[in-house]
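Please look over the model shown below before reading on.

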Amino acid sequence: MEILLIEDDPAYSRLVQHWLRELFPDSLTFMATGLIDDAVAALQDCRFDLVILDLSVPGYDRIMAIYPIVTAVQPYGTPILVLSGLPDAVREDAIHAGAKMYLSKNHLTSAKQLGQVVSQLVRSGYTDASPAA
């Protein structure tokens, strides 16, 4: 399972990576960045099973962070999990913009909870389509 984590808080990024490595010790590869531009470049170079996105990243105002990611994953149908500390009111906007699921950092309490969501999204998440020529 290959996951792209877009999170600008290094401590939170380490926590998410630790939790998921604990749950999926033999099947997980991570790339982590805090910048949307780096994430888009990675998505052009590599295929990921899941993108985990914090909406509060430098250079983007809240929900605007999701649009370049949605565009980059569209050829593959890679699911996007928004994991954000923004108010729950942003949830609907994130789903409407293209996220498959939204989890509030304020309500995420365990590795198990995150692992269940990740497993669900990876299992049902993307089609095996090739990028458009």
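The model is a predicted one, in which local features need pLDDT of at least 70 and side-chain atom pairs count only at pLDDT 80 or more, whereas totals for chains, interfaces and linings use all residues. Residues are numbered from 1 along each chain as its sequence is written, and side-chain values use heavy atoms, with hydrogens and water left out. Helices (DSSP runs of H or I, at least four residues) and strands (runs of E, at least two) are numbered from the N terminus.

**Strands S4 and S5**

Strand S4 (residues 80–84) and strand S5 (residues 101–104) run parallel and are joined by four bridges; two strands pair if DSSP finds at least two bridges between them. Opposite valine 82 stands tyrosine 102 in S5. Between S4 and S5 the chain passes through helix H4 (residues 90–97), in a β-α-β crossover that is right-handed. Right-handed here is judged with the strands pointing away from the viewer: the path from the first strand over the helix to the second runs clockwise.

The table lists buried residues (under 20% relative accessible area) and exposed ones (over 50%), with partly exposed in between, for a 1.4 Å probe and protein chains only.

| Helix | Buried residues | Exposed residues on the face turned away |
|---|---|---|
| H4 (residues 90–97) | Val90, Ala94, Ala97 | Glu92, His96 |
| H2 (residues 36–45) | Ile36, Ala39, Val40, Ala42, Leu43 | Asp37, Gln44, Asp45 |

The buried residues of H4 pack against helix H3 (66–73), S4 and S5. Those of H2 are covered by elements including strand S1 (2–6), strand S2 (29–33), strand S3 (50–53) and H3.

**Serine 104**

Serine 104 is located in strand S5. Its relative accessibility is 4%, so serine 104 counts as buried. The serine 104 side chain reaches the backbone nitrogen of asparagine 106 at 3.1 Å. Apart from neighbours within four places in sequence, serine 104 is in contact (heavy atoms within 4.5 Å) with Ser84 and Asp88.

Notes:
Polar contact = N/O pair within 3.5 Å; in protein donor to acceptor, adjacent residues only side chain to side chain.
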